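Please look over the sequence and the model before reading on.

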Amino acid sequence: MWFLRVRRMLRISWTEKKSNETVLIEANSRRSLIKTIRKRQATFLGHVMRREKLEHLITTGKLDGKRGRGKQREKMMDGLKRWLGSGSSTETMTAMGHRELWRNMIADASKHGTG
């Protein structure tokens, strides 16, 4: 957002109270970084889940041990499930095992998913 405010033709002062959404509209731009990050996360997670090594155990939470104190952190799977629009974890895990199905889910989410 800094780039759009300062370096582009807009030259918006920091004292002006404009929201990021307004700046995006004025610059005729869209948010694409979050979508790119989610797409790469999904691709990497599919790769990890198909390998079934240590990373698979960590991602699925099958390691023994105590949970840390405080509020439970959001898991990568939960955010990915929400982005993909899948209903359950088992549906997502099954799709990860089938490469073509997983690629199609990621492609659909990239087109229609929200950040």
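The points below concern a predicted model, and they are grouped by topic.

**The crossing of H3 and H6**
- The axes of helix H3 (residues 33-51) and helix H6 (residues 89-97) come within 8 Å of each other and cross at roughly 80 degrees; because angles of 65 to 115 degrees count as roughly perpendicular, H3 and H6 are therefore described as roughly perpendicular to each other.
- On the H3 side the contact is made by Leu45, Gly46, Met49 and Arg50, while H6 contributes Met93, Met96 and Gly97.

**Lysine 81 in H5**
- Lysine 81 lies in helix H5, which covers residues 76-84, and it counts as buried because its relative accessibility is 18%, where buried means under 20%.
- When its neighbours within four places in sequence are left aside, lysine 81 is in contact with Ser86, Ser88, Ser89 and Thr92.

- The residues Trp102, Met105, Ile106, Ala109 and Ser110 of H7 are buried, and because the buried residues fall within an arc of 135 degrees when seen down the axis of H7, they line one face of the helix.
- These buried residues of H7 pack against H3, H5 and H6, whereas Lys111 and His112, on the other side of H7, are exposed.

Technical notes
Residues are numbered from 1 along each chain as its sequence is written. This is a predicted model: local features need pLDDT of at least 70, side-chain atom pairs count only at pLDDT 80 or more; totals for chains, interfaces and linings use all residues. Side-chain values use heavy atoms; hydrogens and water are left out. Axes are lines fitted to C-alpha atoms, for helices over the stretch in contact, and angles run from 0 to 180 degrees between N-to-C directions. Helices (H or I, at least four residues) and strands (E, at least two) are DSSP runs, numbered from the N terminus. Angles under 35 degrees count as roughly parallel, over 145 as roughly antiparallel, 65 to 115 as roughly perpendicular and the rest as oblique. Contact means heavy atoms within 4.5 Å. Buried means under 20% relative accessible area, exposed over 50%, partly exposed in between (1.4 Å probe, protein chains only). The arc is that of the directions from the helix axis to the C-beta atoms.
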